[in-house]
Amino acid sequence: MPRADDVKPVYPFPNQSTLESRRLDAQHEVFKLRLGASYKAPILETSKRVLDLGCGTGIWSREFAATHPSAQVIGVDLSPPDERSIQSETPSNCTFIKANFEDDWEFAIGEEPFDFIYARMLMAGVHNWPRLFQQCYEHLSPGGYLEVFEGLFEMRAEDGSGPDDSPGIRWFALGAKYLTDNGMKWDRARDLLGQLREAGFNIVEDIPKKMKLYPDDADPEAERERISAQYLNDMNDIVKNMTVKVCQDASSTLTLEEGRLLAEEATRDLTENCKRRGYHTTL
């Protein structure tokens with residue numbers, strides 16, 4: 001069996017499905033509301049070129065382009081959105097390109113460097129982070145910003161619950177094992193600061209964020225219930241969407257039927273016990 005480091009990642013969620021697109025767009029809204037903005041870097045209005053790595057549905061690219069009309073925004077993804085799949089109009093200063101950003105950046109050759117590069121939740125799609133950061137550094141203008149938004153594929157509980165007494169935590173532990181066995185280090189976020197420094201970046205700010213599956217007093221009061229409900233739905237959708245791949249993996253100890261039963265227990269546990277147990281993830 002090859003080492004996990006030698007295995008090319010396989011995206012664990014349904015690709016280009018309507019349900020997955022809805023999940024990603026809803027996730028974008030939750031992140032934006034909980035963080036207070038869709039990005040944190042002090043971007044200047046004079047920024048001319050912006051790159052969205054792993055743009056997914058393109059929602060971040062389109063929003064940034066709409067609010068920064070003088071910038072040329074490029075969204076790159078193996079499965080970029082097309083006009084038929086986009087519910088809102090794409091601004092004229094926003095372009096989507098089909099490319100693997102882990103390969104050489106042919107889309108950037110001969111072009112001016114980027115003033116801002118944004119990378120969010122790429123854990124399930126990146127094999128070689130040091131090389132990716134090196135390419136970001138080489139294609140970033142002097143004084144430009146790279147913003148990396150990553151999390152841990154780990155469900156935790158404030159009451160100390162673990163895999164033995166929590167179906168939700170037990171499912172996420174199995175999901176993390178699946179990611180590791182397929183070349184996706186589930187706790188990669190812990191390594192990123194060191195790898196960014198090695199690539200030449202100066203760390204301006206590191207903002208850890210506890211993402212609760214229940215109403216958080218830190219959220220805007222008017223949106224508190226909606227934000228927590230949407231994030232809970234996001235976590236439950238991850239369980240539902242990944243279970244088949246987790247069970248069909250060669251290293252799985254569960255049959256498909258056993259996996260589906262655990263998924264049902266996990267989503268019920270996360271939904272019914274999220275506040276009592278204090279379920280949360282970490283970004």
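A disulfide is a pair of cysteine sulfur atoms within 2.5 Å. This model is predicted. A search of the whole structure turns up 0 disulfides.

**Cysteines**

Take Cys 55. Its closest cysteine sulfur belongs to Cys 94, 7.9 Å away, which is too far for a bond. Cys 136 is in no disulfide either; the nearest cysteine sulfur, in Cys 55, is 14 Å away. Both residues are listed below with their relative accessible area.

| Residue | Relative accessible area | State |
|---|---|---|
| Cys 55 | 8% | buried |
| Cys 136 | 1% | buried |

Each counts as buried because the cut-off is under 20% relative accessible area.

**Nonpolar cores**

In soluble globular proteins, nonpolar side chains tend to be buried together. Here the largest nonpolar core has 50 residues. Within this core, Phe 64, Phe 116, Phe 153, Trp 171 and Leu 213 touch the most other members.

Helix 6 gives the most, with 8 residues.

What does Phe 153 contact, leaving aside its neighbours within four places in sequence? Its partners are Met 123, Trp 171, Phe 172, Gly 175, Ala 176, Leu 179, Trp 186, Ile 238 and Met 242.

Another core, of 24 residues, lies apart from the largest one. Its members include Trp 105, Phe 107, Phe 114 and Trp 129.

Terms used. Residues numbered from 1 in each chain as written. Predicted model: local features only at pLDDT ≥ 70, side-chain atom pairs only at ≥ 80, totals over all residues. Heavy atoms only, no water. Buried < 20%, exposed > 50% of the residue type's maximum accessible area, 1.4 Å probe, protein only. Core = buried A, V, L, I, M, F, W, Y, C linked by side-chain atoms within 4.5 Å. Helix = DSSP H or I, 4+ residues; strand = E, 2+ residues; numbered from the N terminus. Contact = heavy atoms within 4.5 Å.
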